[in-house]
Amino acid sequence: MDIIKDLVQTLIIIVVLAVFLEMLLPQGNMNPYVKMVMGLLIIIAVLHAISGLLQQNWLSSVPDVTAGSKANSPPVEEIIDNGKKIQSKNKDLALEKYRSGIACQVKSMAGLNPQIDVVDVKVLLDDSGGKARKINIKSIIMVVASKKHDHEDEAGSIPPVEINVGEPERACDTSPKITSETKKAAKKTAASIADFYNLSTDKVLIEYQVMEGGR
Amino acid sequence: MYKRCCRLLLFLTILLHLFPLTAYAADKAVDEQLSELDMSKVQKFVNQLDSEITGAVPELNFKDLVTKIASRDIELKPVELFKKCIKYIFREVVANFSLLGKLVILAVICAVLQNLSSAFEKGTTGQLTYMVTFLVLITIALGSFGLAVQCGREVVDKMVTFMQALLPVMLTLLVAVGGVTSAAIIHPVIFVTITAIGTIIKNVILPLIFFSAVLDIVSSLSSQFKVSQLGGLMKTAAMSIMGLMTTIFLGILSIQGAAGAIGDSVALRTAKFAAGTFIPVVGGMFSNALEAVIGSSLLLKNAVGIGGLIVISLLMVIPLLKIISLAFIYKLAGALIQPVGDSQTGNCLNSLGNSLITIFAAVATVGLMFFFAVTIVLGLGNLTVMMR
């Protein structure tokens, strides 16, 4: 750009000089010659500028552009790392929602059977990781509680209480038991759930929880 | 009957549990990701904006702006904006009235002197006086023209700096939606081209337009020596370089972007297929949850992009209005002088106005290119997610 700037400056000087010469020279047949000389000067100035442009090393300005861009932009590795962190968090969030969604589904399906009371469902996932991140259901654990009517049934047949003085203190199991009918119903539900999720029956586990105070 | 009821209930239960999950996941994810993103550079730039721009938009906080866009809480009033722009143009024109006055008075003096030149003993005395007055007029005109060129250079500089702060955030979110290949491909291209465009516009195109205007003025000094063709050549060269640059920039960006997006979407489709086919029907639930969370990243990326576009518009609008109002002043001065004075002065002012319009076009083209660059990066993410 400096060459063009110099050319423009030279042209301004030549034109202004030509204008003043035109005014200062006496009227006569000198004017065409002055115009001719000044025109030649302009041509020389333009040719000089063109030769300067041709001799210039154009590639010298290219490293400045790339160096400037590197200095002002963060490296691509840093950007990809930051993006992958967000991506990983997104996947974890989706996984958590998937787990809770499956748990809700299992709970709802188990709720269709009036013979059992599923209080909690735990879903264990097998996250293989990797690029294609295959998600498998490792196991489903249903926590089945004793139903209220189970306790009421048991309340009718309270075993006789024996008091023996002098014997060591023994933990007395006063909590209501899970009936065999509940167990049978829970197993049936577990089998249905396993079928529904295309799992083997041993992957749907049942945990029995005996609730205190008849709750 | 009991079995049918059970099936219906089961189906309804599954449906009910599938849909709220996605919406909840998306809302939570947007907030989490926003806190994860490093927008300090963008905010730092926004804080450094001119008092004129911040006066138009009070308390411009980029993060708040993005949140508002993501939650569709922002109100854009195009009519109000248009009214403000018109008001600003009138204010600028009124502010430049002193320049207009100076130009018109000097031009009238020029015209009177030219008419009186025959009254002097020697015609050259009148001509010399006319020349001096004309040079004063040119000096004043070129002074404000130089300021307009400087203003254009500053805008380009600011836009390049802003793009360099905005693009890392957008590319990070592009990686978050799965566009790793796109980000890796587009990163060097976009940063080098943006810097190159900024440098070329500042150091080649705007000076060429300036030189062309100077040569136009010099040509009007004398009817004998004309260098206006050289000026025209410079202007044509500047416009050709700009056109070529725009075509190359947009072409490379769109082709590379599309290639990267297709590669990414194929990789992501494989991941989705692996998760979706293992368990029939409900197996797609993980993909749905993942899509909802990725959708939130996409929403955030689009909001950041739109926020960026708003800031670019704010950066551009005031200097561009200044340049266009100055061009109007020159054109008005040229139009007023034409019936009174000589054609030389009128043509000179008119050509200055035209050169200012060219500068306006150059700066607006840079803004438009950056607009397209942001839109292409936005589109890349959308394409990646759309093709999953």
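In chain B, 85% of the contacts between residues at least 6 apart in sequence join residues at least 24 apart; a contact means heavy atoms within 4.5 Å. This is a predicted model, in which local features need pLDDT of at least 70, side-chain atom pairs count only at pLDDT 80 or more, and totals for chains, interfaces and linings use all residues. Residues are numbered from 1 along each chain as its sequence is written, chains are lettered from A and ligands numbered from 1 in the order in which they are written, and side-chain values use heavy atoms, with hydrogens and water left out.

I will stay with chain B for a moment. What is its secondary structure? Chain B has eleven helices and zero strands. Helices here are DSSP runs of H or I with at least four residues, strands are runs of E with at least two, and both are numbered from the N terminus. Along the sequence, the pattern of chain B is therefore α-α-α-α-α-α-α-α-α-α-α.

Chain B has 388 residues, and 51% of them count as buried. Buried means under 20% relative accessible area, exposed means over 50%, and partly exposed is in between, with a 1.4 Å probe and protein chains only. The accessible surface of chain B comes to about 17,600 Å², and carbon and sulfur atoms hold 67% of that. Such areas come from the Shrake-Rupley method with a 1.4 Å probe; for residues, only the protein chains shown count as cover.

Now chain A. Its secondary structure comes to six helices and three strands, in the order α-α-α-α-β-β-α-α-β from the N terminus. Chain A has 215 residues, of which 34% count as buried. Of its contacts with a separation of 6 or more, 67% are between residues 24 or more positions apart. Chain A exposes about 13,700 Å², with 58% supplied by carbon and sulfur atoms.

One residue to look at in chain A is Lys138(A), in strand 2, which spans residues 135–145. Which residues does Lys138(A) touch, leaving aside those up to four places away in sequence? They are Leu124(A), Leu125(A), Asp126(A) and Lys203(A). Between Lys138(A) and Asp126(A) there are 5.2 Å from C-alpha to C-alpha, although the two are twelve residues apart in sequence.

Next, the salt bridges. Side chains of opposite charge can pair when their charged atoms come close. The criterion is a side-chain nitrogen of Lys or Arg within 4 Å of a carboxyl oxygen of Asp or Glu. How many salt bridges does a search of the whole structure find? Over all chains, the search finds three.

One joins Arg99(A) to Glu96(A), with the closest N and O atoms 2.8 Å apart. These two are separated by about one helical turn, because they are three residues apart in helix 4 of chain A. Arg99(A) is partly exposed at 28% relative accessibility, and Glu96(A) is partly exposed at 39%.

Another is between Glu207(A) and Lys122(A), where the closest N and O atoms are 3.9 Å apart. This pair links distant parts of the chain, 85 residues apart: Glu207(A) is in strand 3 (residues 204–209) and Lys122(A) in strand 1 (residues 117–127). Glu207(A) is partly exposed at 36% relative accessibility, and Lys122(A) is partly exposed at 36%.

In chain B, Lys202(B) and Asp157(B) form a salt bridge at 2.9 Å, N to O. Lys202(B) sits in helix 8 (residues 180–219) and Asp157(B) in helix 7 (residues 123–176), so the pair ties together parts 45 residues apart in sequence.

Last, the surface patches. Patches are made of residues with over 30% relative accessible area and no salt bridge; like charges are joined within 9 Å, and nonpolar side chains (Val, Leu, Ile, Met, Phe, Trp, Tyr) within 5 Å. Lys and Arg count as positive, Asp and Glu as negative, and His and the chain ends are not counted. A charge is placed at NZ of Lys, CZ of Arg, CG of Asp or CD of Glu.

Lys83(B), Lys84(B), Lys87(B) and Arg91(B) make up a positive patch. Lys83(B) is in helix 5, residues 78–95, and is exposed at 53%. A negative patch consists of Glu77(A), Glu78(A), Asp81(A) and Asp38(B). Asp81(A) belongs to helix 4, residues 76–111, and is partly exposed at 46%.

The nonpolar patch comprises Met36(A), Leu40(A), Ile43(A), Leu47(A), Ile50(A) and Leu54(A), together about 610 Å² of accessible area. Ile43(A) is in helix 2, residues 31–55, and is partly exposed at 47%.
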